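Trainee: I've got a model open and I'd like to learn how to read it. Can we go through it together?

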Amino acid sequence: MKIVKLFASPKKHKKLTNSGYVTNLTSIPLLGKKTKSFSIVFKSEFLLALEECKNADVIIFSTPVYVDSLPSHLIEFLELASKEIADKKWHAKIYVVSTCGFFEGKQCNLALEQIKLWSECNNLKYCGGLGVGGSEMLGIIRFTNLLLPILIVLIQLIVGIIQIYGFSMAVSSVFIVTNFINLFVSVGLFLLFSMGLFIKSINFGFIIRKQKIVKNRFTTVWFCGKYLFIFFASLFWIIRALFHTVLISKMFKK
Amino acid sequence: MENKDIETVIIYDINYQLLSNLENFRILLVDVNKPYAQCKGCFGCGVKCPSHCVFKDKIEDIGKTVCNSKKIIVISNCVYGGLSKKVKRVWERCIPGVLPFFTFRNKEMHHALRCKTNPELIFVFYGAKSEKERGLAKDIAFANATNFFNSQCKVFFYENAPNIEECFKL
């Protein structure tokens with residue numbers, strides 16, 4: 001089985017983007033399969049990706065949702081792909097992983113339906129899509145709740161070891177214990193919030209592995225109500241604006 | 001023309017030459033065939049330079065203009081039940097018209113509005129090949145109207161590309 005993954009996020013570091021992250025989770029059950037990944041943002045990248053798609057058994061589109069539908073460069077790619085398919089038939093089964101910043105994963109449905117329509121127009125088998133809501137938050141907590149606490153504990157351990165041979169063993173021990181508790185809480189929250197994502201995306205990966213046909217399915221941040229989500233999101237935007245020396249009052253500029 | 005003087009914004013992908021008296025109205029005509037930058041989804045328009053796009057080209061203020069206008073007409077070839085690539089490219093650049101913050105509308109989460117003008121939104125699609133495509137285009141148009149402006153939306157379908165004067169009267 002030859003799998004081609006097409007990443008449509010225009011951000012740098014495709015695999016670290018939110019849609020890239022979800023797609024990589026779905027790829028866990030695909031380990032051992034022959035997989036190739038391509039970015040499909042710029043025209044110059046299209047031809048190489050199209051060449052590989054010709055012989056693919058499975059194509060996985062990984063795309064963010066822009067204004068309720070597919071991003072413009074993906075529409076461009078699909079149009080070009082249609083011309084290619086008219087020349088030489090593709091036989092690949094189509095799967096889609098789509099992400100949006102809103103809480104409801106269902107808001108990805110229109111983008112998934114667009115690719116479904118494209119598949120039907122080109123006589124390709126659309127086999128299902130996964131829509132993930134709250135993707136910005138799910139992406140951010142990888143860093144704030146997982147990597148950052150681990151890093152802090154590691155730094156504390158190193159500092160502690162140095163201090164043991166120095167002068168303040170008691171103080172460093174207290175810091176290490178506190179940070180281990182922090183680490184435990186942070187990682188716990190990360191796992192709780194991401195549980196839906198992990199379950200649904202890995203399950204979707206198994207569906208792809210077996211090349212099953214399923215209905216579009218959706219997930220979002222688990223164990224976090226909509227209002228708590230809005231609170232976290234607002235806090236995130238305010239802090240990001242502060243990094244650019246923009247105060248909250250300026251954010252509402254008309 | 002100042003941004004706030006513009007009453008109608010027309011975004012179109014049809015070949016068009018300004019023939020009639022449309023110049024007399026306070027209209028911004030956006031021809032999508034020009035080489036505009038592509039939205040990167042960075043939300044710099046929310047946190048870095050609020051209400052402006054981070055890309056400095058001729059449509060860097062389009063978000064602000066559309067959210068202050070009274071009527072927006074989008075004329076586009078219907079491609080896989082949505083806007084054509086070039087119209088979509090400009091449409092994505094309108095995102096500075098909303099705030100990065102979230103709120104609830106129609107029991108769903110959407111962006112909070114930057115302006116409360118609630119412009120009338122008209123989508124004119126041409127070249128749709130099937131009823132399914134028309135249905136999807138309609139769904140996307142209504143979703144855009146709720147998400148962007150919390151306003152009413154009209155959707156029209158033409159077999160062939162219409163002319164702008166005709167659309168202006170819709």
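Trainee: How many residues of chain B are in contact with chain A?

Mentor: First, some ground rules: this is a predicted model, where local features need pLDDT of at least 70, side-chain atom pairs count only at pLDDT 80 or more, and totals for chains, interfaces and linings use all residues. Residues are numbered from 1 along each chain as its sequence is written, while chains are lettered from A and ligands numbered from 1 in the order in which they are written. Contact is when two C-beta atoms, placed from the backbone, lie within 7 Å. On that basis, 35 residues of chain B meet 38 residues of chain A.

Trainee: Which element of chain B gives the largest share of that side?

Mentor: Helices (H or I, at least four residues) and strands (E, at least two) are DSSP runs, numbered from the N terminus. The top contributor is α4(B), with 8 residues. Elements supplying at least two residues each include α3 (85-92) and β4 (98-105) of chain B.

Trainee: What about the nonpolar core, and which residues have the most contacts inside it?

Mentor: The general idea is that in soluble globular proteins, nonpolar side chains tend to be buried together. A residue is buried if 20 or more other C-beta atoms lie within 10 Å of its own, exposed if 12 or fewer, and partly exposed in between. A nonpolar core joins buried Ala, Val, Leu, Ile, Met, Phe, Trp, Tyr and Cys residues through C-beta atoms within 7 Å. Here the largest one has 109 residues, and I59(A) and I11(B) have the most contacts inside it. Again α4(B) supplies the largest share of this core, 8 residues. Leaving out residues up to four places away in sequence, I11(B) touches V30(B), V32(B), V74(B), V87(B), V90(B) and W91(B).

Trainee: Is α4(A) mostly covered or mostly open?

Mentor: Mostly covered: 11 of its 13 residues are buried. Among them are L110(A), I115(A) and W118(A). The buried residues of α4(A) pack against β3 (58-64), α3 (72-87), β4 (93-99) and β5 (125-132) of chain A, together with α4 of chain B.
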